[in-house]
Amino acid sequence: MVVLFCTLNDRDFKKIAYYCEQMIQTGKFIAFEGIDGSGKSSQVALLKSRLQALGQKVYCTFEPTDNKIGSLIRTIIQGETKADNRTIAALFAADRLHHLLNEEDGIIKKLNEGYHVLCDRYYFSSYAYHSVHMDMDWVSEINQKSAEILRPDLTIFIDVKPAQALQRIQQNRSATDLYETMDMLSGVYDNYKVAFERMKEVEKVLRINGDDSMDAIGAQIWQAIGNMM
Ligand code: ADP
Ligand code: TYD
């Protein structure tokens, strides 16, 4: 057995203690994925209230964001602004980098402040949605920087088939977005599966059957979060 003795001066000790504290305080980053109407927002809200009830700091956010780039994207998906599919994919990648890095309320800042960040959609949405129109390699390339900066501690995929998701959307809303058609959502659904398979070595993904009740889904998510923390 080898025993290593090392002597730390007061300054080094304080430095190490500071970094340990930072590591302990850094929150978890959890991304929620699924096709439109799969139940992501409902589960984000449920998880938020459960974590907060335990006294945890929670910051909920979403993509596209509501900052300037995200707002421009929303005019496109609502059909008010026209743009090429490549432009749209690049705007989402830019919105994501700003979402991560901006110094006002960026995700990195929030994590460093000790918040658990729950994000309704992240880069798997880009892989799934934009690859309906173009090569997934390119979509993954333009999102590479975001992946290098921050991979989710866990991505939760709520698996709902397109027909059921569309039924939920139509029951609850009078207007539908650009992507909320059966053809589009079927392509997106297939792409999610392809993307998860391609990235399985580097990404931690939990698939949950979205046909279950909201409570049953919430319970599975809660169990996974408990194991992770
Ligand atoms: P998303 O954020 O993925 O678009 P929402 O959470 O807004 O989905 O849910 C879409 C609709 O489906 C909402 O009306 C919601 O009440 C309903 N919903 C969500 N989860 C379930 C579920 N597990 N079973 C039945 N309806 C659900
Ligand atoms: P939103 O109203 O937030 O839909 P939802 O409640 O289902 O999340 O609209 C976001 C739309 O943008 C949704 O159709 C998915 C799409 N999207 C992309 O195409 N690429 C992306 O990178 C992201 C994050 C979302």
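In which sense do strand S1 and strand S3 pair, and over how many bridges? Strand S1 (residues 29–33) and strand S3 (residues 116–120) pair in the parallel sense over 4 bridges, where pairing requires that DSSP finds at least two bridges between two strands, and strands (E, at least two residues) and helices (H or I, at least four) are DSSP runs numbered from the N terminus. Within this pairing, Ile30 has Leu118 of S3 as its bridge partner.

This is a predicted model, in which local features need pLDDT of at least 70 and side-chain atom pairs count only at pLDDT 80 or more, while totals for chains, interfaces and linings use all residues. Residues are numbered from 1 along each chain as its sequence is written, and chains are lettered from A and ligands numbered from 1 in the order in which they are written.

The two strands belong to an open sheet of 5 strands, ordered S2-S3-S1-S4-S5 with parallel pairing. Because strand S2 (58–62) and strand S5 (205–209) stand at the edges with a single partner strand each, one side of each is left without a neighbour in the sheet. Neighbouring strands are turned by 20 degrees against each other on average, direction ignored, with axes being lines fitted to C-alpha atoms, for helices over the stretch in contact, and angles running from 0 to 180 degrees between N-to-C directions. Helix H2 (residues 40–53) packs on this sheet, touching S1, S2, S3 and strand S4 (154–159), and its direction makes about 170 degrees with that of S3; contact means C-beta atoms, placed from the backbone, within 7 Å.

As for confidence, the mean pLDDT (the predictor's confidence in each residue, from 0 to 100) is 91 for the protein.

Technical notes:
Two residues are in contact if their C-beta atoms, placed from the backbone, lie within 7 Å.
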